[in-house]
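The sequence and structure come first.

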Amino acid sequence: MNGRHPPPAQHAASAVVGGFDALTGPNCSVELHRPIGLAVLRSPNPMHYYALFSQTCGCDYVLTMYSGGRCGRH
């Protein structure tokens, strides 16, 4: 490495922590519908899937909804 970019593992870890911080912040929301095993996450921007799953323990389905009508299914 030339010292300008973090190693890939460090970059991934930073993305997870940054996503977790964003998801627990005021611009995001998490709705758990436990009877049907669904978690609905709303965020202005996509984030690392580990960050998304950190808030969805016990759910079988995760629906992410982003600003501008973008959706992701995991």
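## Exposure and overall layout

A residue is called buried when its relative accessible area is under 20%, exposed when it is over 50%, and partly exposed in between. The model is predicted. By this scale, buried residues account for 23% of the 74 residues in the chain. The chain exposes about 5,100 Å², and 58% of that area comes from carbon and sulfur atoms.

The chain contains two helices and four strands, which follow the pattern α-β-β-α-β-β along the sequence. Of the contacts between residues at least 6 apart in sequence, 32% join residues at least 24 apart.

In soluble globular proteins, nonpolar side chains tend to be buried together. Here the largest nonpolar core has 10 residues: L23, C28, A39, L41, M47, A51, L52, C59, V62 and Y66. At least two residues of this core come from each of β2 (38-43), α2 (49-53) and β3 (61-66).

What does L23 contact, leaving aside its neighbours within four places in sequence? The residues are C28, V30, L41, M47, A51, L52 and Q55. Of these contacts, C28, L41, M47, A51 and L52 are also listed in the core.

## Strands β2 and β3

Strands β2 and β3 pair in the parallel sense, over six bridges. Within this pairing, A39 stands opposite V62 in β3. Both A39 and V62 belong to the largest nonpolar core.

In a regular strand the side chains alternate between the two faces of the sheet. In β3, the covered face consists of V62, T64 and Y66, while Y61, L63 and M65 form the uncovered one. V62 and Y66, from the covered face, are both members of the core.

T64 is found in strand β3. Is T64 buried or exposed? T64 has a relative accessible area of 1%, so this residue is buried. Its side chain makes a polar contact of 3.4 Å with the side chain of Y66.

S43 lies in strand β2. The relative accessibility of S43 is 9%, and therefore S43 counts as buried. Apart from residues up to four places away in sequence, S43 touches N27, C28, M65, Y66 and S67. Among these, C28 and Y66 are core residues, and M65 is on the uncovered face of β3.

## The aromatic cluster

The structure holds two aromatic pairs. The rings of Y49 and Y50 have their centres 4.7 Å apart and their planes at 65°, so this pair is edge-to-face. Y49 and F53 form an aromatic pair that is also edge-to-face, with 6.2 Å from centre to centre and 65° between the planes. Y49, Y50 and F53 together form one aromatic cluster.

Conventions:
Residues are numbered from 1 along each chain as its sequence is written. This is a predicted model: local features need pLDDT of at least 70, side-chain atom pairs count only at pLDDT 80 or more; totals for chains, interfaces and linings use all residues. Side-chain values use heavy atoms; hydrogens and water are left out. A nonpolar core is a set of buried Ala, Val, Leu, Ile, Met, Phe, Trp, Tyr and Cys residues joined through side-chain atoms within 4.5 Å. Buried means under 20% relative accessible area, exposed over 50%, partly exposed in between (1.4 Å probe, protein chains only). Contact means heavy atoms within 4.5 Å. A polar contact is a pair of N or O atoms within 3.5 Å; within protein, one must be able to donate a hydrogen and the other to accept it, and residues adjacent in sequence count only if both atoms are side-chain atoms. Rings of Phe, Tyr and Trp (its six-membered ring) pair if their centres lie within 6.5 Å; planes under 30 degrees apart count as stacked, over 60 as edge-to-face and the rest as tilted. Accessible areas come from the Shrake-Rupley method with a 1.4 Å probe; for residues, only the protein chains shown count as cover. Two strands pair if DSSP finds at least two bridges between them.
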